[in-house]
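Morning, everyone. Please have a look at the model on the screen, and then I'll walk you through it.

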Amino acid sequence: MEDGQPPPTIGDGRRAGARPGSGGARGGVDALARCRADRGGGAEISWCESGACQSAGECGTSAVERHRPFTVGNYKRSVKRIDDGHRLCNDLMNCIHERARIEKGYAQQLTEWSKRWRQLSEKGPQYGTLEKAWLALMTEAEKVSELHLEVKSTLMNEDFEKIKNWQKEAYHKQMMAGFKETKEADDGFRKAQKPWAKKLKEVEATKKAYHAACKEEKLATSRESNNRSDSNTNPEQLKKLQDKVEKSKQDVQRTKEKYEKSLDELNKCTPQYMENMEQVFEQCQQFESKRLDFFQEVLSEVKQHLYLSATSYKAIYQELENVVKSADPREDLKWFRCTHGPGMPMNWPQFEEWNADLNRTLTRREKPKKTGDGVILTSVSQTGDQASQPSKYSSVSSYENNPNYTEWSDDESNNPFNCNETNGDNPFENHSAESEVRVRALYDYEGQEHDELSFKAGDELTKVEDEDEQGWCKGRLENGQVGLYPANYVEVIQ
């Protein structure tokens, strides 16, 4: 044989007296060695699809035949690989699509988490630089969410579409069924095998005839021997048996010659058969090589799109680290002392002469209070830390930004010198009926101090004083209660 290749196995590939998988068939031993090499050499592994592997790990010859590439009809696995490639493209697209949905869902969860906790943090009691550090977590989540949305977009718009387009260009569907590439491979293998398969069929027929002749010759010889040892055998009958034996031997010789001749003819065309099969198989290999190379390229790009740590993540967490490190609890305590504690400004009582200019309309925070001695408190003096406190301690706390939040002040409700108020209204003030205007509430409002009114949207009340500089009006409810309310919460009834 050329190239040192063993001849293709005839039939089941067994020699007389050789058990399956033994050294009697060299081709079977070689195939078994290849099987073991493919499976890592483990003799204890039973791996044949037909279940023909023995407990010791040796395959029966018929099982080995299933894995030989030149066995007639054994090219189906190579052809099926083309269809499998198309299915694997779909599987890879589904894999990327699911990952994109995960990225999108994670980004949405981060956004919702950031929005919720930003609102809670801004409305909570935390203040100062620690509040900024806390809010930096929400900023980090928003930026990470944007990154994962970009990953989702890249996976779908680039990687998914790239596979889809390559699949469309590589596989061409036929009108009836299947792919053009699959049919071409199948036709190529059939054409390469057809001449050799025809001769193989002749070999099988001559082998069958030869084996039948051998069997008949053995039976005839056995009968002739038995009748010869029997003294009662008719000589004429014995002569017939001897003639039959002779004829059987001639049949054996004749069928043997035909068998050997057909086998020689088969072996002569085997090299060409192997070459043709190799060519078709190599075409399938080249097609599969393109798919494998493309998959490797796509997976490498997906890896780059998913790998965020090297660039984007580093900048986000560096910024977060800087904000957290910049937090200063001591500064926050100092700010709170000067803004809400003993260090804040205070209107201490001071003597002032009467001044006609003080009769102007005062805002809610500026309204003067008369002491029992008729002294009017209007100015503010700062002492201690109050005068030297820098203005840089600006709070980012939502409590500081809430218009309903009440600081320490010398307001009517907190001034210990105010002893002439009743339910937030000055009984000595005389409101002119001409200045009263009926208004309707646009929104619900809950008074934050005892001198503020509470009402629901749609309630009607009477405005008794015009809006001051801070946007507050004095009004009267239907039940007669007089107090302050935000001017932009109501509208005039036409």
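Start at the hairpin of E2 and E3. Six residues is the gap to look for: the hairpin has 6 residues between the strands, and in it Gly-471 takes a positive phi near 85 degrees. Strands here (E, at least two residues) and helices (H or I, at least four) are DSSP runs, numbered from the N terminus.

A quick word on the source. This is a predicted model, where local features need pLDDT of at least 70, side-chain atom pairs count only at pLDDT 80 or more, and totals for chains, interfaces and linings use all residues. Residues are numbered from 1 along each chain as its sequence is written, and side-chain values use heavy atoms, with hydrogens and water left out.

Back to the strands. E2 covers residues 460-465, and E3 covers residues 472-476. They pair in the antiparallel sense over 3 bridges. To count as paired, two strands need at least two bridges found by DSSP.

Val-439 has Leu-461 of E2 as its bridge partner. Arg-438 stands opposite Thr-462, and Arg-440 stands opposite Glu-460.

E1 has a further neighbour. It runs antiparallel to E5, and 3 bridges join the two. There, Ala-441 is partnered by Val-490 of E5.

Which order do the strands take in the sheet? It is E4-E3-E2-E1-E5, an open sheet of 5 strands with antiparallel pairing. At the edges sit E4 (482-486) and E5 (490-492), each pairing on one side only. From one strand to the next, the twist averages 45 degrees. As a general point, strands of a sheet pair through backbone hydrogen bonds, either parallel or antiparallel.

On to the helices. H3 takes in residues 76-123. Its 48 residues should span 70 Å at 1.5 Å a residue, and the end C-alpha atoms are 70 Å apart, so the two agree. The expected span is 1.5 Å times one less than the number of residues. H3 does have a kink of about 25 degrees, centred on Ile-82. The bend at a residue is the angle between axes fitted to the seven residues ending there and the seven starting there.

H5 is residues 180-229. For its 50 residues we expect 74 Å, and the end C-alpha atoms are 72 Å apart, which agrees. Look for its kink at Lys-194, about 45 degrees, shortly before Pro-195.

How do H3 and H5 pack? Their axes are 9 Å apart, at an angle of about 170 degrees. Axes are lines fitted to C-alpha atoms, for helices over the stretch in contact, and angles run from 0 to 180 degrees between N-to-C directions. That makes H3 roughly antiparallel to H5, a label for angles over 145 degrees; under 35 is roughly parallel, 65 to 115 roughly perpendicular, and the rest oblique. The contact (heavy atoms within 4.5 Å) includes Val-79 and Ile-82 of H3, and Ala-185 and Phe-189 of H5.

Last pair. H4 (residues 128-170) and H7 (residues 312-326) have axes that come within 8 Å and cross at roughly 175 degrees. These two are therefore roughly antiparallel as well. Among the contact residues are Leu-137 and Val-144 of H4, and Ile-316 and Leu-320 of H7.
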